Amino acid sequence: MRASIDFLLNGERISLAAEDPTRTLLTWLRESRRLIGTKEGCAEGDCGACTVVLAERDAGGRITYQPANSCILFLGALDGREVITVEALKRGATLHPAQQAMVDCHGSQCGFCTPGFVMALYAHYKDERHELGDALAGNLCRCTGYQPILAAGARMQELRKDESAENTARAARLAALPDDSTLIRTGSKRFFAPASLDEFAAYLVEHPGAAILAGGTDLGLAVTKAHRDLDDVVYIGRVVELKAIHPGRELEIGAAVPLAEAHAHLGAIHADIGELLRRFGGAQVRACGTLAGNVANGSPIGDSMPVLLALNAELELQRGSERRLVPLSGFYTGYRKSVLQPGEFIRSVRVPQLAPGARFAAYKLSKRFDQDISGVCAAFYADEREARFAFGGMAATPARAPHAEAAYAKGIDVACNALAQDFKPLSDQRASAWYRLTAAQNLLRKFHARVAPRALLELEL
């Protein structure tokens, strides 16, 4: 077992043994390596000024390139990867197409956000899995100069060059990195990155208070915003068993699968799910954040849970070698509390496919279309036997609406009125209680109008 974090930085082999693994990549780049092209704008993964690109090999040996917010990315999560920063893009005096396109299209105004946009463009250049607008949705330009930046994204493709030799060399460097487990102790802190599920499960039984790190899109804020010291962290990003997706009548998504990888599989269940996940966060958030992490976090406004609740999803939990299945509808016991026992973790999320003839819809209401927290999130399911309505932003936990579900067969007005029995929402900076309840009722009406001709047959009481 190693006692170091081993990764590549712009092609250079790095091995860190004495560095705090929960230090953010952004502070390390700027303060320890003086790579100051990467900027801090928000320190919470919201603006994209700190964007870098992570290159790593997938299970088939292919190199993937994903943008990431370095402001909330821990050094320990870099093990086995390559970090590419804006300083590494040009070759001699020749700019990379992503950079040259920004010059050609006058895509930089004050310049503060420019390195982040360039790196988001570079990630899109290397791996075009998103539309250009989606690829840039996680980056904010405070000068509002988006049109020339979008033009630069199109121009970049016209300047495309052959990078096969560079890719081959990168693959060789990544393959040379160690892939065994690593345990790092710095002072009173401990950071464990297991390579197998058995190691992870055993460690968590011995250290039930350890914080589980997957993508870090929420845990990172504990360091950057709450200024917490994380004394014991276990990172699951290297656990192969937790990075698997098993399609079928029931889609099984491992706890360490990033949302970017799960997106297509979930979107195949219903187009609304794909659209909701597209707005879940920017490409940087989806590249790191996980479905299981969103569920485990238990935020009342987590966007994935209403969908999973409406689909009647289950969680596979594990403690040591023991496993159990728990319906998501019975997982939460209160605000950010769950049925998880000490040393127990979410192994996978199991999502049923839609039943034949079933109707489904999902909606997100937020002040900003992209990269914003929901005021209300809702998902609806109906077939000839039952109705399932689930909401986020309406209670202390994401929850179903049992009174509205039972009343649905009596008519849409009765069901909407019943929502007032199911929820007593709070007012906060995102929405008032009145708005939330009214919006939830209107979303149910929208679902009803959308599916009524086919799905609103006689539902049995």
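Helix H2, which spans residues 97-104, packs against helix H5, residues 146-158, at an angle of about 130 degrees, and the two axes lie 8 Å apart. That angle makes H2 oblique to H5. The crossing of H2 over H5 is right-handed. These descriptions refer to a predicted model. On the H2 side, the residues that meet H5 are Pro97, Ala98, Ala101, Met102 and Asp104; on the H5 side, they are Ile149, Ala152, Arg155 and Met156. By class, the contact of H2 with H5 comprises seven nonpolar and two charged residues, with no polar residue.

Helix H5 also has helix H3 as a partner. H3 covers residues 114-126, and its axis comes within 11 Å of that of H5, the two crossing at roughly 35 degrees. H3, too, passes H5 in a right-handed crossing. Phe117, Leu121, His124 and Tyr125 of H3 form one side of this contact, while Tyr146, Ile149, Gly153, Met156 and Gln157 of H5 form the other. The contact of H3 with H5 contains six nonpolar and three polar residues, and no charged ones.

The account now turns to a single residue in another helix. Arg170 is part of helix H6, residues 164-175. Is Arg170 buried or exposed? Arg170 counts as buried because its relative accessibility is 4%, where the cut-off for burial is under 20%. Apart from its neighbours within four places in sequence, Arg170 touches Ala55, Ile63, Tyr65, Glu82, Ile84 and Tyr122. Ile245 lies 75 residues away from Arg170 in sequence, and the distance between their C-alpha atoms is 26 Å.

Strand E3 holds residues 51-57, and strand E4 holds residues 63-69. Both belong to an open sheet of five strands, ordered E2-E1-E5-E3-E4, in which the pairing is mixed. Its edge strands are E2, residues 12-16, and E4, each of which pairs on one side only. From one strand to the next, the twist averages 30 degrees. E3 and E4 run antiparallel and are joined by seven bridges, with Thr51 standing opposite Asn69 in E4.

Strand E6, residues 182-186, is mostly covered, since four of its five residues are buried. E6 pairs with strand E7, residues 189-193, in the antiparallel sense over five bridges. Within this pairing, Arg185 has Arg190 in E7 as its bridge partner. Two residues lie between the strands of the hairpin, and Gly187 there takes a positive phi near 65 degrees.

A second open sheet has four strands in the order E17-E18-E19-E20, with antiparallel pairing. Its edges are formed by E17, residues 359-365, and E20, residues 399-400, each pairing on one side only. Helix H10, residues 271-278, packs on this sheet and touches E17 and E18; the direction of H10 makes about 15 degrees with that of E17. Between E17 and strand E18, residues 376-382, there are seven bridges, and these two strands run antiparallel. Phe360 stands opposite Tyr381 in E18.

Conventions: Residues are numbered from 1 along each chain as its sequence is written. This is a predicted model: local features need pLDDT of at least 70, side-chain atom pairs count only at pLDDT 80 or more; totals for chains, interfaces and linings use all residues. Side-chain values use heavy atoms; hydrogens and water are left out. Axes are lines fitted to C-alpha atoms, for helices over the stretch in contact, and angles run from 0 to 180 degrees between N-to-C directions. Angles under 35 degrees count as roughly parallel, over 145 as roughly antiparallel, 65 to 115 as roughly perpendicular and the rest as oblique. A crossing is left-handed if the near helix is turned anticlockwise from the far one by less than a right angle, and right-handed if clockwise. Contact means heavy atoms within 4.5 Å. Ala, Val, Leu, Ile, Met, Phe, Trp, Tyr, Cys and Pro count as nonpolar, Asp, Glu, Lys and Arg as charged, and the others, Gly among them, as polar. Buried means under 20% relative accessible area, exposed over 50%, partly exposed in between (1.4 Å probe, protein chains only). Two strands pair if DSSP finds at least two bridges between them.
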